[in-house]
Structures are given as C-alpha cells and as structure tokens.
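Good morning, and thank you for joining this meeting. I ask that you look at the sequence and the structure together while I speak.

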Amino acid sequence: IGNPTSRFLQLPTFFKVALNDPDMSALKLIGDMIHLAELARREGILTLEAHLANMKSPFVQRGLKFAIDGVEPETVQKVMEGELEAMTERHAGAAKMFSQAVAYSPTMGIIGTVMGLIATLASAGGDPTPLIHHIGAAFIATLWGVFAANIIWLPVADKLKCRHAEEEHYLRIAMVAVFEIQSGTNPSMLEQQLL
C-alpha cells in the first residue's frame, strides 16, 4: 500500500534481479572500450558505428552513438549522468519497498499473535489442553513475521543495494570511457585510467 502499484507488480522481477548474478564484468568492459578507442584513434570515431551492436549495454550504446554523432561532450555527459540518476532513483525505490517490508513484517506478526491470544482467552475456562495449543499457534504469527523480515525481506533489500552499486560502478567506467574516446585519449592512457 505504501508503494506505487506499478512498483509492487514488479516484485517478481526484483526477486530475479536479487537472485541472479548480472553479466557485468568491468574488466571485459574495459577491454571492449580499449578496443574501440584503438579503432577510433586509428580509423576515426565514425568506424565505431559498425561495432555498436556488439555492446551489450544500451547505456554504452547510447553514449557511443552520441559521441559518433558529434554531440557536444558536455551534452553527452549531462545525458549520461541523467540516466544514472534516474537509475539510482528507480533502484532505491525497489530496495525501499523491501526495507519497508522489513519494518512491517514483525509488526504484522505481533498483530497476528495478539489476535490469536484474544481468541484463546475468549475460550478460556474449560479444558487447558486446547488453550495451550491455541497459545502456541498464536505465537507462530510472531515467528513468521520475524522470519520473513530477517530471512526474506532484509537480505533481498541488501542484495538489491549491492546490485545497484555493481551496476553503477560498471556504468561509470563506461561513461568515462565514452568521454575519453570522444576526446581522442591515447588508448594506453585510457586503459590505465579505467583500470
């Protein structure tokens, strides 16, 4: 309820993101970008257009396309920074939803326990055996609330934050590479900078 419906409906996608390792090798990206820098320096930046399809990341493709099209470096930087900011907001919203569940889950467990105890006490006065079973069942609600918070919601929230940090790092490397390719930096110097 505390999140937009569109975000809530993406819950299965967020679980997939948290559980699957992304294919974002910084070293492979650096190798690819150095190769492109060498091509651009040797044959001109326009030759990179034929290699855009080989880049897996749409972010990298767009940045290189802007550079190839001759867009001013300041504009390219502004657009790419804007994309990173939008990604950060989107990822923070997903992680926040799970962090909120961490807070709500134990509370809902306690509410379940209190409701179970009220029902148990309402039937008090007879045989104590069913009463003991009802009390045990009431406390199961607290157990489930704490379990869900600490075994499901909190680890997923933390994993989503880690995934974001990994992706941001990867894209920042790509962004620097695009700027340096556009400015004609020596590929050896670029490699040292990116590493």
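Which residues does Thr-120 touch, not counting residues up to four places away in sequence? Before I reply, please note that this is a predicted model. The residues in question are Leu-131, His-134 and Ile-135. Thr-120 itself lies in helix 5. Its relative accessibility is 2%, so Thr-120 counts as buried.

Is His-164 buried or exposed? With a relative accessibility of 14%, His-164 counts as buried. When its neighbours within four places in sequence are left aside, the contacts of His-164 are Met-87, Thr-88 and His-91.

I now come to the packing of two helices. Helix 6 covers residues 128-183 and helix 7 covers residues 187-194. Their axes are 11 Å apart, and the helices pack at an angle of about 160°. Angles over 145 degrees count as roughly antiparallel, and therefore helix 6 is described as roughly antiparallel to helix 7. The crossing of helix 6 past helix 7 is right-handed.

Which residues meet there? Helix 6 brings Ile-173, Val-176, Ala-177, Glu-180 and Ile-181, while helix 7 brings Leu-190, Gln-193 and Leu-194. By type, the residues of this contact are six nonpolar, one polar and one charged.

Let us proceed to the nonpolar cores. As general background, nonpolar side chains in soluble globular proteins tend to be buried together. In this model, the largest nonpolar core has 31 residues. The members that touch the most other members are Leu-29, Met-33, Leu-36, Leu-48, Leu-64, Ile-181 and Leu-194. Ile-181 and Leu-194 also take part in the meeting of helix 6 with helix 7.

Which elements give two or more residues to this core? They are helix 3 (26-43), helix 4 (58-68), helix 5 (73-122), helix 6 and helix 7. Helix 6 supplies the largest share, nine residues.

Leaving aside neighbours within four places in sequence, Leu-48 is in contact with Leu-36, Leu-39, Ala-40, Leu-64, Ile-68 and Ile-181. Another core, of 10 residues, lies apart from the largest one, and its members include Leu-11, Ala-95, Met-97 and Phe-98.

Thank you for your attention.

How values were computed:
Residues numbered from 1 in each chain as written. Predicted model: local features only at pLDDT ≥ 70, side-chain atom pairs only at ≥ 80, totals over all residues. Heavy atoms only, no water. Axes fitted to C-alpha atoms, helices over the stretch in contact; angles between N-to-C directions. Helix = DSSP H or I, 4+ residues; strand = E, 2+ residues; numbered from the N terminus. Parallel < 35°, antiparallel > 145°, perpendicular 65-115°, else oblique. Left-handed = near helix turned anticlockwise from the far one by under 90°. Contact = heavy atoms within 4.5 Å. Nonpolar A, V, L, I, M, F, W, Y, C, P; charged D, E, K, R; others polar. Core = buried A, V, L, I, M, F, W, Y, C linked by side-chain atoms within 4.5 Å. Buried < 20%, exposed > 50% of the residue type's maximum accessible area, 1.4 Å probe, protein only.
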